[in-house]
Amino acid sequence: MAINQEFWAFVFGLLGNVISFMVFLAPLPTFYQIYKKKSSEGYQALPYIVALFSSMLWIYYALVKKESSLLLITINSFGCVIETIYLATFLFYAPNKTRLSTIKILLLLNVFGFGAMLLSTLYLTTGSKRLTVIGWISLVFNISVFAAPLGIMKRVIKTKSVEFMPFSLSFFLTLNAVMWFFYGLFLKDYYIALPNTLGFLFGIIQMVLYLIYRKSKTVTLEVPVKLQELNGHVIEVVKLSTMVPSEPNHITEDGAVVVTSVEDPNWEESGKGNVKNIMDNAGRV
């Protein structure tokens, strides 16, 4: 029985690696747009900072756990590399003010934050207690990540438009959560399984909302919304909240934000990157 559980854990972990690999690559169109414009103005770096922190955290957890942790190490090592490349590209093309604020967040979360957690768990805990503490930190962090799309779902309901929530991305994030849930379940590692239960539920809700509002047209928001604002999330723990692109949406003289329909070909091309900028980190282990 134990052999069967290990086998199925390996199968689901391998599938999780494959899907997570594709999810990690989802922001490539966004960074292609940044490269073409030679500017990252209008985009947010926070989702990539949090994704990098998440990958670092899972690698540390896997190294402490040791048993059946290879698949966690492989995908999150790739995650560290690709997120570092994304952030380097973002910083290279970012305006000075944005670059400075991004570096501050990086230092605060990924250097000092992770460093403090690392030192405290190394010197204040030992053995199984250390693994338990790291596991709880990872669990809480990832629950926050999976809860982040709530901001996107709220915007979909308010605008009755799914232009901020691509179905394909919601589908793959849900599928990714399913793979890692069963991986954790078969290993009896509930620090992995439990957060992905929440990821699965939110993914199903997102796809249901897509089916309900997929044919909706343009809607005008009565309450002014600050452009390119991250609403609600944060940690995608990561904080994956809603960002409203500066184009092709616009603000009228009375302060209302007009949301352009998804049928606008110009928005179809330029807006997807911003949605992925928010959502592509959710569901990763």
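Guide: A term to start with: a salt bridge is a side-chain nitrogen of Lys or Arg within 4 Å of a carboxyl oxygen of Asp or Glu. This is a predicted model, in which local features need pLDDT of at least 70 and side-chain atom pairs count only at pLDDT 80 or more, while totals for chains, interfaces and linings use all residues. Residues are numbered from 1 along each chain as its sequence is written, and side-chain values use heavy atoms, with hydrogens and water left out.

Visitor: How many salt bridges does the structure hold?
Guide: The structure holds 1 salt bridge. The side chains of Lys 65 and Asp 189 form a salt bridge, with N to O at 2.7 Å.

Visitor: Which parts of the chain does the pair link?
Guide: Distant ones, 124 residues apart: Lys 65 is in helix H3 (residues 46-65), and Asp 189 is in the loop between helix H8 (167-187) and H9. Helices here are DSSP runs of H or I with at least four residues, numbered from the N terminus.

Visitor: Is Lys 65 buried or exposed?
Guide: Buried means under 20% relative accessible area, exposed over 50%, and partly exposed in between, with a 1.4 Å probe and protein chains only. Lys 65 counts as buried because its relative accessibility is 18%. Asp 189 is buried too, with a relative accessible area of 4%.

Visitor: A new topic: how do H6 and H9 cross?
Guide: The axes of helix H6 (residues 127-147) and helix H9 (residues 190-213) come within 9 Å and cross at roughly 5°. That makes H6 roughly parallel to H9, a label for angles under 35 degrees. The axes are lines fitted to C-alpha atoms over the stretch in contact, and angles run from 0 to 180 degrees between N-to-C directions.

Visitor: Which residues in H6 and H9 meet?
Guide: Among them are Trp 136, Leu 139 and Phe 146 in H6, and Tyr 191, Leu 194 and Phe 202 in H9. Contact means heavy atoms within 4.5 Å. The residues of this contact divide into 11 nonpolar, 5 polar and no charged.

Visitor: And where is Ser 77?
Guide: Ser 77 is in helix H4 (residues 70-93). At 30% relative accessibility, Ser 77 counts as partly exposed. Ser 77 and Met 56 are 21 residues apart in sequence and 7.9 Å apart in space, C-alpha to C-alpha.

Note on methods: Helix = DSSP H or I, 4+ residues; strand = E, 2+ residues; numbered from the N terminus. Parallel < 35°, antiparallel > 145°, perpendicular 65-115°, else oblique. Nonpolar A, V, L, I, M, F, W, Y, C, P; charged D, E, K, R; others polar.
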